[in-house]
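This briefing turns to a single model, with its sequence and coordinates shown below. The points that follow are grouped by topic.

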Amino acid sequence: SVGYGASLGIACCPEHSEDQNSLLQKADAAMYAAKHRGGGYVIYNSHVGREVQRDPAFKHELRDGIERNELVLHYQPIVSLTTACVVGVEALARWQHPTRGQLGPDEFIPLAEASGLIRPLTSWVLGVALRQSATWQAKGINLRVCINLSTRNLLDANFVGHIAELLDITGAAPQSLVFELTESTVMADPLRSMEMLTKFTSLGISVTMDDFGTGYSSLSYLKRLPVHELKIDKSFIGDMALDSIDATIVASTIELAHNLGLTVIAEGVENSKTWGMLAEMGCDTAQGFYMCDPLPVRDLEQWLANSKWGRLAGPGEKTTPELSS
Ligand code: C2E
Ligand code: MG
Ligand code: MG
């Protein structure tokens, strides 16, 4: 069900730019154009931008949309496979577009990444998610909040300072925050990522490797990266109840992660059979439509109060994966 392949974007110095940031942005745009074509490589040219954002107004709309608070975060519960208690949520961005209706992240995150808007977008996401985390803490609702980051965020020298500032302003506890990074994000620049992840960890924030299994992680890096948890990609979880190869991959990944001292989360759990298999394999936590869709805050709080899955972890129960040394 998944198409494997690489997409490569090329921008040259000095032809396309002599400025490091705009060069990266152009290489990004070329990479998304290549993705758009279904793989292979694209060398940057002036059409590339247009190919990515077929409608040039879209970028301006997104910039305005962020400023006008048209984005909204939905939260999907994360449930412990051992206690069946909710231990956290993943924050997932949606755009309530004034004329196009609600757009999913796949419809605007790539554009944000290719157009330099991922910085203000991530900043907006962090502000809202940290404030929400502090609100839940104040209400005694003990949830870890997982936030997705992009490659470009890891290349932003001011990023850690910005987070420290946001922690200060919002009063959110770093121990209840988790940053999700995909394998390809981290492996794009392993040394720089290592530095960044170490800084997150020293702030008290945990790190989860998202979409694990779809990229090309070097196991030697994985061993050394300050990552607390692996999130097994939904493409393996979705079919594991029917496909014995996927089931073997999932079981082996859980064992590998545990042997490396990492916890494991499964995403894309859609039925009780999958839930049961994961529990048997010793997977730590899970999220998916079987338990709950991503929901707006108010609906989520209602779900927490009424669903059989909604019981929150008690004070003694672990909600955050711990980094083993
Ligand atoms: P992700 O981080 O891997 O998020 C999981 C995706 O799986 C979400 O899609 C979620 O709605 C979906 N999902 C949840 N349960 C199930 C299930 O049981 N079955 C299936 N098939 N899918 C399920 P969504 O919300 O469309 O987000 C897509 C991606 O967009 C995310 O993948 C993440 O990489 C990115 N994204 C979302 N919000 C943000 C954000 O604030 N910042 C950044 N940089 N990326 C974001
Ligand atoms: Mg994620
Ligand atoms: Mg994922």
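E229 and R144 are both buried, and their side chains meet in a salt bridge with an N to O distance of 3.2 Å. E229 lies in strand 9 (residues 229–232) and R144 in strand 6 (residues 144–148), so the pair ties together parts that are 85 residues apart in sequence. The model is a predicted one.

**Salt bridges**

- A search of the whole structure finds 8 salt bridges, one of which is the pair E229 and R144.
- D156 forms a salt bridge with R119, in which the closest N and O atoms are 3.2 Å apart. D156 sits in the loop between helix 6 (151–154) and helix 7 (159–170), while R119 belongs to helix 5 (residues 118–138), so this pair ties together parts that are 37 residues apart in sequence.
- R68 and E70 pair through their side chains in a salt bridge with an N to O distance of 4.0 Å. R68 is exposed, with a relative accessible area of 56%, whereas E70 counts as buried at 14% relative accessibility.
- The bridge between R68 and E70 belongs to a network of salt bridges that links D64, R68 and E70.
- As a general point, side chains of opposite charge can pair when their charged atoms come close.

**The magnesium ion (ligand 2)**

- The protein donors of the magnesium ion (ligand 2) are E90 (OE), N148 (OD1), E180 (OE) and D210 (OD), which lie 2.0 to 2.2 Å from it.
- Along the sequence, the donor residues of this ion (ligand 2) are spaced E-x57-N-x31-E-x29-D.
- N148 in strand 6 and D210 in strand 8 are 62 residues apart, and the pair links distant parts of the chain.
- N148 is partly exposed, with a relative accessible area of 28%, whereas D210 counts as buried at 6% relative accessibility.

**The magnesium ion (ligand 3)**

- D210 (OD), D211 (OD), E267 (OE) and E267 (OE) coordinate the magnesium ion (ligand 3) at 2.0 to 2.5 Å.
- The donors of this ion (ligand 3) follow the spacing D-D-x55-E along the chain.
- D210 lies in strand 8 and E267 in strand 10 (residues 263–267), so the pair ties together parts that are 57 residues apart in sequence. Both D210 and E267 are buried.
- Which residue bridges the magnesium ion (ligand 2) and the magnesium ion (ligand 3)? That residue is D210, and the two ions lie 4.2 Å apart.

**Ligand 1**

- There are 23 residues around ligand 1, of which R94, N148, D210, E270 and F289 come nearest.
- By class, the shell around ligand 1 has 9 nonpolar, 5 polar and 9 charged residues.
- An N or O atom in the side chain of E90 is 2.9 Å from an oxygen atom of ligand 1, and a polar side-chain atom of D211 lies 3.1 Å from an oxygen atom of ligand 1. The side chain of E270 has an N or O atom 2.5 Å from a nitrogen atom of ligand 1.
- Taken alone, ligand 1 exposes 810 Å², and the protein buries 85% of that.
- The elements that give two or more residues to the shell around ligand 1 are strand 4 (86–97) and strand 8 (206–212). Strand 4 gives the most, with 4 residues.

**Backbone features**

- Most residues other than glycine have a negative phi, and most peptide bonds are trans.
- D211, whose place is in strand 8, has a positive phi of about 50° although it is not a glycine. D211 is partly exposed, with a relative accessible area of 23%.
- N69 likewise has a positive phi, near 60°. N69 lies in the loop between helix 3 (57–67) and strand 3 (71–80) and counts as exposed at 52% relative accessibility.
- The peptide bond from C13 to P14 is cis, with omega near 10°. P14 lies in the loop between strand 1 (7–10) and helix 1 (20–36).

Technical notes. Residues are numbered from 1 along each chain as its sequence is written. Chains are lettered from A and ligands numbered from 1 in the order in which they are written. This is a predicted model: local features need pLDDT of at least 70, side-chain atom pairs count only at pLDDT 80 or more; totals for chains, interfaces and linings use all residues. Side-chain values use heavy atoms; hydrogens and water are left out. Buried means under 20% relative accessible area, exposed over 50%, partly exposed in between (1.4 Å probe, protein chains only). A residue is near a molecule or strand if one of its heavy atoms lies within 4 Å of it. A polar contact is a pair of N or O atoms within 3.5 Å; within protein, one must be able to donate a hydrogen and the other to accept it, and residues adjacent in sequence count only if both atoms are side-chain atoms. Accessible areas come from the Shrake-Rupley method with a 1.4 Å probe; for residues, only the protein chains shown count as cover. Ala, Val, Leu, Ile, Met, Phe, Trp, Tyr, Cys and Pro count as nonpolar, Asp, Glu, Lys and Arg as charged, and the others, Gly among them, as polar. Donors are N, O and S atoms within 2.8 Å of the metal (3.2 Å for Na, K and Ca); water is not among the atoms, so sites may look incomplete.
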